[in-house]
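Student: I've got a new model open and I'd like to learn how to read it. Can you walk me through it?

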Amino acid sequence: MENYFANVAVIGGGAAGLVCAVTCAQKDKNRKVIIIEKEQRVGKKILATGNGRCNLTNMKASPENYHGSFQKGVENLLKEIPPSEVLRFFENIGLFWKEEDEGRVYPYSNQASSVLDVLRLALDRLGVEEKCGCAVKSISKRGNKFSVVCDGCTVTAEKVVVCTGGKASEKLGSDGSGLKFLKEMGHTITPLYPSLVPVSVKNPYMKSLKGIRCMGEVSLADEKGKIVKREQGEIQFGEKALSGICVFNLSSYVGEIKKPRIYLNLFPEYDFNTLVDLLFKRRKMLSENTLEDFFTGMLHKRIGFVVLKDVLSKNLSQKVGNLTKTDIKQIAQTLTKWEFDCTVNMNFSSAQVTKGGVSGKEIDPYTMESKKVKGLYICGEAADVDGDCGGYNLQFAFSSGIMAGRMV
Ligand SMILES: Cc1cc2nc3c(=O)[nH]c(=O)nc-3n(C[C@H](O)[C@H](O)[C@H](O)COP(=O)(O)OP(=O)(O)OC[C@H]3O[C@@H](n4cnc5c(N)ncnc54)[C@H](O)[C@@H]3O)c2cc1C
């Protein structure tokens, strides 16, 4: 078993770990900094972010975009290291970037690989050692030194920064093993759920709706119908699940409520009575047409068919003029409050982010140091914080990594 020494051992060469190692080495070039990464190369997940474009931050990031017990800590972190500071870090190591809609920031090249490449170049320049293909099994502390036991080697380190992520997208490296050894070291791990993930729904019409994308409002409600979270945007219908950014943003709440259900409003810009009036006008205008054309020009054709034929059991060859007042109201009701029962999707492999992690009460938000183990720092998704879709999760990974890199 080989033995190595490092002043600082960064465990996990993902978004948080790479930025932390660069910051740490920039601060003091004489310190030996090692990154220990279980995959054969660092930054696999970065390459997959933003559909290969890497939405690296969001200029509008605020604490409300984050959830979990470290949310208060995020408030401090965003004050100390806001998106502009993360971008300054990247500019200083050679990245060109641009801001797009809704504050989303991407590399100017539109390639996630640019983000990883500038980080690796910086690590190389600064003499940071990367130990890849080296999974950490356990960490222990004796006196003021840590012993990091990996597959095939042991690293003795003065300081350790754990940046092993959560459990989302295991094939990209984060398999939850970091949370296991953090628990063994005395940390509390809050319950884990997949976040930014499609929401599984039980609805007999999903097969017919599969593949459709439309704009609308999605509300997640509990068994009493109380709305827990509401979002607007593009809704995508899969065979057994709803997805799209607005659905992703409420996905992590599904596991927390009893008998969760989703209401879709396909006409959020119209109030109910206005929509009813418009449907009555339509009934008059198209009275001699069949129901096949009732929604022409108004709604995705297949959605229209499902609403009339499957939800309201209408025969599409019936004349529009035969729709009753009750029919019109039922149609408006379905279009504005279409109910889908949902089930918790525990599929971490299709999730972008993990909800849950090391309790926020056990991490100092001014340093990212563990309050349980002195000299141990916890960054990125390993902490109990998950962000909305739109660059917020990388912003957290980067700002927490920079913070720990400065303080370690
Ligand atoms: C497909 C996809 C697209 C995404 N797109 C975006 C986006 O555009 N914008 C955005 O803000 N967020 C996005 N995210 C979320 C974002 O990528 C994560 O929140 C972020 O990468 C978390 O950073 P991290 O460093 O904490 O963890 P990770 O990036 O997961 O890195 C953890 C690293 O630790 C290593 N590791 C784990 N266990 C061990 C161990 N025992 N020993 C050694 N090494 C270990 C892993 O191999 C991995 O390299 C996306 C996520 C996915 C899956």
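Predicted model: local features only at pLDDT ≥ 70, side-chain atom pairs only at ≥ 80, totals over all residues.

Student: What does the secondary structure of the protein come to?

Tutor: There are twelve helices and 20 strands. The C-alpha trace spans about 85 × 40 × 35 Å along its principal axes. As for contacts with a separation of 6 or more, 74% of them join residues 24 or more positions apart.

Student: How do I read a pair of packed helices?

Tutor: Two packed helices are described by the angle between their axes and the distance between the axes. Take H4 (residues 83-92) and H12 (residues 392-407): they pack at about 70°, and their axes lie 10 Å apart. Angles of 65 to 115 degrees count as roughly perpendicular, so H4 is roughly perpendicular to H12.

Student: Which residues in H4 and H12 meet?

Tutor: From H4 you have Pro83, Glu85, Val86, Phe89 and Phe90, and they meet Gln395, Phe398, Ser399, Ile402 and Arg406 in H12. By class, the contact of H4 with H12 has six nonpolar, two polar and two charged residues.

Student: On to pockets. What volume does the second largest pocket have, and which residues line it?

Tutor: Its volume is about 180 Å³. The residues that line the second largest pocket include Asn58, Lys60, Asn65, Glu102 and Arg104.

Conventions. Residues numbered from 1 in each chain as written. Heavy atoms only, no water. Axes fitted to C-alpha atoms, helices over the stretch in contact; angles between N-to-C directions. Helix = DSSP H or I, 4+ residues; strand = E, 2+ residues; numbered from the N terminus. Parallel < 35°, antiparallel > 145°, perpendicular 65-115°, else oblique. Contact = heavy atoms within 4.5 Å. Nonpolar A, V, L, I, M, F, W, Y, C, P; charged D, E, K, R; others polar. 1 Å grid on protein atoms, 1.4 Å probe; cavity = no way out; pocket = protein on both sides within 12 Å on 5 of 7 lines; lining within 4 Å. Points joined across faces, edges and corners; volume = space filled by probe spheres on them.
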